[in-house]
Amino acid sequence: MRLRVAGAVLLSAAAYYVYLPLPSGVSEPWKLMLLDALFRSFMHASDVAHALGVCHRVHLLNQVVSWVEVIEAQSCPAVHVLDSTLGGVSTRVFQPKGGKKLKRGVIYFHGGGWALASGRMRSYDRLCRKMAEDLDAVVMSVDYRLAPEAVFPGQYHDALAASRAFLSVQVLERYGVDPQRVCVSGDSAGANLAAAVAQELSSDDSLTVKFKAQALIYPVLQALDFYTPSYQQNQAVPILYRPVMARYWLQYLGADSALEPLLLANNHSSLDQLAISARTRSKLDWTTLLPAKRKKHFRPVIREAGSLEVVSEVPALMDVRAAPLLAEHEVLSRTPKAYVMTCEFDVLRDDGLMYVRRLEDAGVTVTSDHYEDGFHGCMVFAFLPMMSSVGQRSMNNYIRWLDQNL
């Protein structure tokens with residue numbers, strides 16, 4: 001009898017921990033709840049370890065990732081897989097066997113808030129392996145350096161160095177890549193790096209080979225407004241919570257974590273911040289850049305007076321290499337045709353949708369692929385054990401777009 005009571009109590013406690021009220025339209029809510037419960041457990045454990053001085057919270061999380069997800073490079077009948085370097089940066093290469101003599105080429109940057117994950121994770125390995133096989137493409141998944149050991153512009157420099165090497169004649173010839181069919185891509189923080197690299201290299205007239213396309217999966221593109229409609233609507237929707245995104249930004253920019261409440265209050269972008277011009281504000285003015293369907297009932301949160309020291313202490317908040325949404329019109333106009341995936345239940349939804357609008361206004365051909373039931377990170381959960389329905393749909397449509405446009 002006691003065992004039954006204890007079991008019932010434990011089961012009730014587990015159900016209480018797992019259950020989370022979710023928006024009615026989100027895909028497969030119970031799968032997302034279980035995934036979120038797992039993530040929260042690891043996050044809480046890492047916070048405790050950090051508070052006790054055992055290790056940095058990121059180190060514990062990445063150690064768990066290594067134990068659970070990182071796998072060795074293993075070839076299969078259709079794809080040769082090896083670990084190499086690209087521009088001095090660790091990279092996993094997926095090279096299809098057979099097929100056409102000249103292949104398409106995709107360089108891919110994984111997500112993880114510039115601090116977590118790896119291109120050697122099982123989920124990214126499976127994604128890139130599928131891309132290589134389905135597209136008959138050479139896919140290079142880059143393991144750029146991570147925070148806290150590396151901070152901006154370290155990750156950006158790694159992405160740029162790897163991309164320059166990827167576009168070099170030597171690498172293209174070595175792997176049999178068609179120089180007219182190359183793409184830069186990534187998800188989340190990796191999409192941030194992909195967008196920044198696309199801007200930089202499209203403006204570099206010294207290059208003989210340039211990207212034909214950029215494919216951005218739920219990109220993070222700015223850190224000046226944490227009150228866009230999607231930040232307001234999805235602040236408590238897993239797996240990327242609003243405070244967590246602010247923490248990732250501060251880690252990436254090498255800033256003091258104590259600034260998090262100021263960012264979350266938009267005190268760092270108040271109207272008395274002279275360093276933020278009206279021109280800059282217009283580049284992320286969601287009241288004009290977003291369609292009415294996404295604005296809904298939400299209102300901008302703009303402080304008259306704020307914390308003047310934040311922008312001076314963290315100037316990278318204004319750096320287009322960190323925040324590609326702030327790029328000039330002329331820079332955007334030179335970037336390649338784009339694919340931008342966004343998800344309704346994602347705090348970063350509006351970053352992507354505003355970038356779509358700004359690219360379109362600059363004359364760039366853009367495919368906006370929005371998932372009404374999607375959540376942040378869904379595409380990398382397309383495989384077992386989660387087998388997310390929206391993840392599978394989004395992955396298949398992403399690969400289909402590459403097939404039709406590369």
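Buried means under 20% relative accessible area, exposed over 50%, and partly exposed in between, with a 1.4 Å probe and protein chains only. The model is predicted, so local features need pLDDT of at least 70 and side-chain atom pairs pLDDT 80 or more, while totals for chains, interfaces and linings use all residues. Residues are numbered from 1 along each chain as its sequence is written, and side-chain values use heavy atoms, without hydrogens and water.

**Exercise 1. Find where Trp-114 lies, and decide whether this residue counts as buried or exposed.**

Step 1. Helices (H or I, at least four residues) and strands (E, at least two) are DSSP runs numbered from the N terminus. Trp-114 is in the loop between strand E3 (103–109) and H4.

Step 2. The relative accessibility of Trp-114 is 0%, so Trp-114 counts as buried.

Step 3. Most residues other than glycine have a negative phi, and most peptide bonds are trans. Trp-114, which is not a glycine, has a positive phi of about 60 degrees.

**Exercise 2. Describe how H2 packs against H3.**

Step 1. Axes are lines fitted to C-alpha atoms, for helices over the stretch in contact, and angles run from 0 to 180 degrees between N-to-C directions. The axes of helix H2 (residues 29–51) and helix H3 (residues 57–68) come within 8 Å and cross at roughly 140 degrees.

Step 2. This makes H2 oblique to H3, because angles under 35 degrees count as roughly parallel, over 145 as roughly antiparallel, 65 to 115 as roughly perpendicular and the rest as oblique.

Step 3. Contact means heavy atoms within 4.5 Å. On the H2 side the contact residues include Phe-42, Met-43 and Ala-45, and on the H3 side Leu-60, Leu-61 and Val-64 are among them.

Step 4. Ala, Val, Leu, Ile, Met, Phe, Trp, Tyr, Cys and Pro count as nonpolar, Asp, Glu, Lys and Arg as charged, and the others, Gly among them, as polar. The residues of the contact of H2 with H3 are seven nonpolar, two polar and two charged.

**Exercise 3. Characterise Arg-129.**

Step 1. Arg-129 belongs to helix H4 (residues 122–135).

Step 2. Its relative accessibility is 17%, so Arg-129 counts as buried.

Step 3. Leaving out residues up to four places away in sequence, Arg-129 touches Gln-74, Ser-75, Cys-76, Val-79, Val-81 and Phe-94.

**Exercise 4. State how many disulfides the whole structure has, then examine Cys-343.**

Step 1. A disulfide is taken as a pair of cysteine sulfur atoms within 2.5 Å. A search of the whole structure finds zero disulfides.

Step 2. For Cys-343, the nearest cysteine sulfur is that of Cys-378, 3.7 Å away, and Cys-343 is in no disulfide.

Step 3. Cys-343 is buried, with a relative accessible area of 0%.
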